[in-house]
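Please look over the sequence and the model below before reading on.

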Amino acid sequence: MIKFEHVGLRYGIGPEVLSDITFTLTSGSFHFLCGPSGAGKTSLMSLLYLGRRPTRGTIQAFGQNTNLLSRTDLAALRQNIGVIFQDFRLLPHMSAFDNVALPLRINGMNEKKTKAHVEELLDWVGLGDCMHRLPPTMSGGQQQRIAVARAVIANPKLLLADEPTGNLDDEIGMKLMGLFEQLNKMGTTIVIATHSLQILDSLPHSRLILENGQLHIFNPSTSSTTIKENVDV
Amino acid sequence: MSRIFSISPKRGVGYDVPLHLKLGTEFLVLLISLMAFLSILAATGIVGLGHITKAWTSGLENSITIEIPAANVSEDEVQSLLQGLLKIEGVQKAQRLGQKDMEKLLSPWLGNVSSLWEDLPIPALITVTISERNAQITSKIAVTTRKISPNATVDAHDAWLSDLLKLANGLRLVSLGVFCLIMLVTATVVAGAVRSRMAIHHRELELLHIMGASDSYITNQFVRYILVQSLKGVSFGILIGLATLGLLSLISRNNPGTLPEMTLSGAEWSLFVAVPLLLAIMAVMAARITALRVLREMP
Ligand SMILES: Nc1ncnc2c1ncn2[C@@H]1O[C@H](COP(=O)(O)OP(=O)(O)O)[C@@H](O)[C@H]1O
Ligand SMILES: [Mg+2]
């Protein structure tokens, strides 16, 4: 589904934040992305959601070499990816409903279908009563549920979450993990950046570990650490 | 695409990027209405000057005046000159200005002068009407006049007519230049407004971009915003423009002679709607091109 080959990323003329990263995300897999703060988790995420072009190497996404794609084609690929940002990035001037509806509107779904979908999902995450409120008037937990709903509404093939449990209490965090598990069982490929040991220890998914710009892969079920090259996880 | 123009009540004014919340929208509307008003004035200048030169020249274009100085006026000479002129091909009429005509011509300067009339040395004036203005006819007239009445002077109005036309055409050119300048300024201001709003809302744009919004989806937000503001501005501009035109024509009707009469044909009236609309189109195009150009800098 996603394949990085010798990918490097630097910001401006700074040092390489990521260097020579090679890995493959197979369809339907579930990964944790971990590493200390500043290791480059958010940067790697931004490459995964095609928000940046790498400074070297190639990224294959959904069977296509993104280096060769036009901006229009890239936009179409991005519609298959849902992202939950560390700081949610909800649009404060839009109601919860409109925030969640945004991906569907961008994909060109008609307003009637959009309304039905959004209302159903907001009910499901327990925000059916406050869908016309503006995000700044809502609690952190509620905002996060809006962010989650917005990320999954368009039924993405790949779901990325950047430290989604960062500022939530453990109980809500674990509930959220349950939701991700459920989505994964329905076929969504999932990558979650986290440094919460509680979460990492409670779930058996493979880990992509970032350290000094390098990526290591650790598979708890086999308890073996492999170093980057040509590992199909 | 249709969604862009149907504003659902739940979405407020319906921008993904909070363009409607930014101060400076009123300024943009004000500026566009001013530009629309000025563009109407410039267009009026172009059309109006055309009317004025036509009015000035149509009476003179096809006429030539011959003057026989007062000291040399003899009735026979005048009559034979008239006969001679009428024989020239292209001359439609040759008439001596009668006493009544002369009185009318002179009265503004001399008052009611019938009593003085006898004592004044009055030159004979002959107005020749020609079918069209060309060098052949005018030179034939000059030759004939010199033969019959050597002291007479022929005034073909050429010199000052062409000066006047040069002036009028120069002014029209200036109006056209002003008009183009207005378009350019409007486009520049709109481009700047779009650029600054895109900078202010960079994070929102980036978010839409990450969600897979195409350039045209994002651009349409700005195009729609600028379209709405320009239509507002242009409407104000047209209103002010029409009020001004109405005022001018009122003045010219109540004080004949101070201003050239400005009667506009239907096609010209529609021009005064079309010109500001052109301005609005210009604004929208500037918005679109600017937005697309800025977006192209995103990955
Ligand atoms: N937009 C940026 N411009 C310049 N440097 C950046 C930018 N984003 C991140 N960095 C740098 O890249 C490194 C990795 O950051 P980040 O990807 O945010 O790590 P993490 O998410 O693991 O904490 C840090 O040193 C950070 O300073
Ligand atoms: Mg981070």
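With a relative accessible area of 9%, A:F88 is buried, a word used here for values under 20%, whereas over 50% counts as exposed and anything in between as partly exposed, with a 1.4 Å probe and protein chains only. The residue belongs to the loop between β6 (81-84) and α3 of chain A, where helices (H or I, at least four residues) and strands (E, at least two) are DSSP runs numbered from the N terminus. This is a predicted model, in which local features need pLDDT of at least 70 and side-chain atom pairs count only at pLDDT 80 or more, while totals for chains, interfaces and linings use all residues. Residues are numbered from 1 along each chain as its sequence is written, chains are lettered from A and ligands numbered from 1 in the order in which they are written, and side-chain values use heavy atoms, leaving out hydrogens and water.

Most residues other than glycine have a negative phi. A:N155, likewise not a glycine, has a positive phi of about 60°, and is found in the loop between α5 and β7 (158-162) of chain A. A:N155 is exposed, its relative accessible area being 63%.

The helices α3 (residues 96-106) and α5 (residues 140-152) of chain A have axes that come within 7 Å and cross at roughly 25°, the axes being lines fitted to C-alpha atoms over the stretch in contact, with angles from 0 to 180 degrees between N-to-C directions. On the side of α3(A), A:A96, A:N99, A:V100 and A:P103 make the contact, and on that of α5(A), A:I146, A:A149 and A:R150, contact meaning heavy atoms within 4.5 Å.

A:S19, in strand β2 (residues 16-25) of chain A, counts as buried at 12% relative accessibility. Leaving aside residues up to four places away in sequence, A:S19 touches A:V7, A:G8, A:R56, A:N212, A:G213 and A:Q214. With A:Q214 there is a side-chain polar contact of 3.3 Å, that is, a pair of N or O atoms within 3.5 Å, of which, within protein, one must be able to donate a hydrogen and the other to accept it, residues adjacent in sequence counting only if both atoms are side-chain atoms.
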